[in-house]
Amino acid sequence: MKPKLPFQIRKRQLLSLFIFGILIIFSQIAFSIYKKNQQYEKPQITFISPKIEELILTEFNPNDLDESQWKNLGFSEKQIKTILKYKEIVGGNFKSKAQFKKCYAVSEEKYEQLKDYILLPETNSNLKNSTFDFKPYEKKRLNIKGKFNPDSYSQKDWENLGFSEKQSAAILKYKNYLGGSFISKEKLKECFMINDEQFAQMSPFLILPSKTPENLASKFEKKKEKEVVKINHYFDPNELNLEQWKALGFSEKQANVIVNYRDRNLRGSFKSIDDIQKCFVISEEKFEEMKPWIKLSVVEKPKEEKPIITEKTDYSKINLNEISFKQLREFGFTEKDAAGILAFRKKLGGFVNKNQLLETYEIDRALGEKLIYDAKIDNSHVPKYNLKDAPEEWLKKHPYFRYSADRIIFYRTTYPDDKKIWKWLKLKPEFEEKMRLYTINDK
């Protein structure tokens, strides 16, 4: 049988257990307070947008691009469908940069990025030379509030109705031509500024008789007969301007067509009486009236129009970097193609390889391929640079470098090493290949 522990020892053991228990309790309380006061910061999440690859642009005609080429310009599939649909709406072809810009799938920023490379005029020259500014593809309902008499409408009233300033002025001019009144719905419909859809919208609200009264109709026909101009003096059709053609009895629209036909299609002059007769706005009766009074003088064009070749050129000895305008014309290129080839060569600083000639915008490709097969090339004088040393002006003007010029200039100030700059540019292989033609190989 175990002997009992003395009282003092038992007391000490109990005290130790009590103190140990107190320590455990205090440690739990302290841990709870610490845990409560501990603050956990939420992790900061940063979303990184996918890096959009920079585009290297060259000159292009938006009328020639297919879906994959639009995609290469940075447009989405949805945007491409919108652009192609818009192109069909405006007649199948964009006529100007301004018309292309109006497509709502092309943002302001995107247009600013592309505009210097678009091979279209700033505005449509045909519309510019015309008296009125038509937008046949825009369908717009007229703002008709109730019945009205068009005879009492001012220019502002026609504009409020939905016509443009020029269209409204033309409608009032037509009213004055009729004698100050539209007379009838029938006569108003004859106004070429009002299309069938617009007339259909207006017709139920017009306070005008449907038909022209017989007395007024006969009076109007007599007026038209009275205004026919009879020619009774000699004239040279190559010297007449727009107003002088109108003085011969042609309308402003007809006179515009004749002048454009002479200056553009025939390159400045009628070469024969037959050329005049072929102009579709000159009727057979008008031509017969004009014919006895025509004194035609043909002004010969400069030699470059039809170069006189005294000795045939041996193109196997011709250097594509030295070929002249005259030699290109002799080979068979048109004036436009020959000028385009020389202009493109000048922008490049010279061709490095023969195939570059075929990049010239809209030249006769078959003729171009024949020339590069026949001719030789010497590119020893074509300027080439390291990216770190290339002149800023050269970078910004060269067709292959100009879009990347600012980035090249920025990168080389940070680290002037060609290998690094090429790496940072992250170009598409086809663009880099073109640019490397004009750079000194870095080893």
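1. Is cysteine 103 buried or exposed? With a relative accessibility of 1%, cysteine 103 counts as buried, where buried means under 20% relative accessible area, exposed means over 50%, and partly exposed lies in between (1.4 Å probe, protein chains only). Cysteine 279 likewise counts as buried, at 1% relative accessibility. The structure holds zero disulfides, a disulfide being a pair of cysteine sulfur atoms within 2.5 Å.

2. This is a predicted model, in which local features need pLDDT of at least 70 and side-chain atom pairs count only at pLDDT 80 or more, while totals for chains, interfaces and linings use all residues. Residues are numbered from 1 along each chain as its sequence is written, and side-chain values use heavy atoms, with hydrogens and water left out.

3. On confidence, the protein chain has a mean pLDDT of 80, with 82% of its residues at 70 or more; pLDDT is the predictor's confidence in each residue, from 0 to 100. Over residues 222–227 the pLDDT stays under 50, and the model gives this stretch six contacts beyond four places in sequence, a contact meaning heavy atoms within 4.5 Å. Residues 299–309 also have pLDDT below 50, with 15 contacts in the model beyond near neighbours in sequence. Where pLDDT is low, the predicted coordinates should not be read in detail.

4. The largest nonpolar core has 37 residues, and Leu357, Leu371 and Phe401 have the most contacts inside it; such a core is a set of buried Ala, Val, Leu, Ile, Met, Phe, Trp, Tyr and Cys residues joined through side-chain atoms within 4.5 Å. The helices that each supply at least two residues of this core include helix 17 (335–348) and helix 20 (405–414), helices being DSSP runs (H or I, at least four residues) numbered from the N terminus. Leaving aside residues up to four places away in sequence, leucine 371 touches Tyr315, Leu320, Ile323, Leu328, Phe331, Phe333 and Leu357. Another core, of 22 residues, lies apart from it, and Tyr153, Leu178, Cys191 and Leu208 are among its members.

5. The buried residues of helix 3 are Ile80, Thr82, Ile83, Tyr86 and Lys87. They cover an arc of only 160 degrees around the axis, so they lie on the same side of helix 3, the arc being that of the directions from the helix axis to the C-beta atoms. On the other side of helix 3, Glu77, Lys78, Lys81, Lys85 and Glu88 are exposed.
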